[in-house]
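Biologist: I would like to go through some of the labels attached to this structure. For each one, please tell me what it rests on.

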Amino acid sequence: MSLIARNRNYRLLFSAAAVSNLGDGIAMLAFPWLATLITRDATLIALVAAATRLPWLLFSLPAGVITDQFDRRRLMVQADTLRLLLTVGVVALVLSAPALPLADTSEHVLPLIAGLCAAAFLLGSAEVVRDNAAQTAMPSIVEKSELEQANGQLWSIEQIMGQFIGPPLAGVLIALAVPVPFVVNAAMFGIAAWFMWQVVLAPRPPIELPKGFWKQMREGIDWIRGHALILRLAVMLGVVNFATMMSATILVLISQEVYGLTAYGHGFLLTAGAAGGVLGGMIGPRIAKALGRQWTVLLTLFIFPLPFAILAWTSNPYIAGFALFLEMFTGMTWNVVTVSLRQRLIPDGLLGRVNSIYRFFGWGTIPLGAVVAGALVSSLEGEMLRESALRAPYIVGCVITVCLAVYGAARLKLP
């Protein structure tokens, strides 16, 4: 009998992740596409992307303390409920805007971008708490021997819903009317909250936490400092995510200006990456079992530069789709190994705090990648053709990930 069939709590978590990530997948296309309807300025569009991920830099550490102090299930329910309300606010913002698209000289551009950034920031803040609680709750839902299988299945459905179904569906919904994808997104968050409300977690053993935020955080810092491998993996993930966000931020502009895709076509381009993520989630555990953790992680590191090199060169959307497929397959395989490893090694009473420190390093660089990508393109537009400027972040990402692969081969030793 499959894990989903025999474990009710995991089935509910799986279902909540499915519908929540469908909403995220719709938003993944709808937010940047809405930004391009407001302005064509690469810097302003990058600010919207950065606002979504900035909370991982600002709030990862507090989220860890909160996760270890409070009921993790309740935190997930509250976070999804808040995301529902915030997404309704985005609908109101769109309905209050003048007819889209706007000219860059319009007086409404800056207020609308500011409102979009604010909404994206608040949605990202709720996501920080929700995702940290979900990841730290996993060892309480399945046996440790099932972690790779559980994580692989969960991430596969997240990819299917979030990137395989969500983006092209968003393209269809945008064609109906710009506010429609955000209405559907809000509904998905409500359904996810309802699923999580039904989860029953075993009572956690009482733990003695020192009084005061910094003292509690210090326990997590001391643990990760004493485990150089986990800290090294966190920093390396931060480098990968920085480069990946540079790529993702500019992709919507390349998709429109180089590949000539509509919102619907761009959505299908993103599904190519999702297909890679699904396959990585499904066979990543088998690869890790066959090759071992060490060789699996090293293999992913040496594949990481290839998608950047392909995207820096191609003008063919099908080849670009292959690059995104390879990128997501490799990233998912990396996650299957490294997340399961730290879920095993970190004590439950510290899992929220150490996980938050890990994500501070691993995800805190994402908004920086978005800002750097936008600034790089804007600064180079005066020096070279627009298309060449748009390709520059991919060249930088390729160089960064090549250096990271060399470092990993020299310094990584996984048990």
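Modeller: The model is predicted. In it, H7 bends by about 45 degrees at Gly166, and the proline Pro167 follows within four residues.

Biologist: How do you know that the length of helix H7 agrees with its number of residues?

Modeller: Helix H7 covers residues 147-176, which is 30 residues. At 1.5 Å a residue they should span 44 Å, and the end C-alpha atoms are 41 Å apart, so the two values agree.

Biologist: Why is H7 called mostly covered?

Modeller: A residue is buried when its relative accessible area is under 20%. In H7, 21 of the 30 residues are buried, hence the label.

Biologist: What about H11, where does a kink lie?

Modeller: The kink in H11 is at Ile283, shortly before the proline Pro285, and amounts to about 45 degrees. As for length, the 29 residues of H11 (263-291) should span 42 Å at 1.5 Å a residue; the end C-alpha atoms are 40 Å apart, which agrees. Just after H11, Gly292 has a positive phi of about 90 degrees. Most residues other than glycine have a negative phi.

Biologist: How do you know which residues make the contact between H2 and H10?

Modeller: The axes of H2 (residues 8-38) and H10 (residues 228-257) come within 10 Å and cross at roughly 65 degrees. The crossing is right-handed. Contact requires heavy atoms within 4.5 Å; Pro32, Trp33 and Thr36 of H2 and Val252, Leu253 and Gln256 of H10 make the contact. By class, four of these residues are nonpolar, two are polar and none is charged.

Biologist: What kind of peptide bond joins Leu100 and Pro101, cis or trans?

Modeller: The bond is cis, with omega about 5 degrees. Pro101 lies in the loop between helix H5 (72-96) and helix H6 (109-141). Most peptide bonds are trans.

Definitions and conventions
Residues numbered from 1 in each chain as written. Predicted model: local features only at pLDDT ≥ 70, side-chain atom pairs only at ≥ 80, totals over all residues. Heavy atoms only, no water. Helix = DSSP H or I, 4+ residues; strand = E, 2+ residues; numbered from the N terminus. Expected span 1.5 Å × (residues − 1). Bend = angle between axes of the 7 residues up to and from the residue. Buried < 20%, exposed > 50% of the residue type's maximum accessible area, 1.4 Å probe, protein only. Axes fitted to C-alpha atoms, helices over the stretch in contact; angles between N-to-C directions. Left-handed = near helix turned anticlockwise from the far one by under 90°. Nonpolar A, V, L, I, M, F, W, Y, C, P; charged D, E, K, R; others polar.
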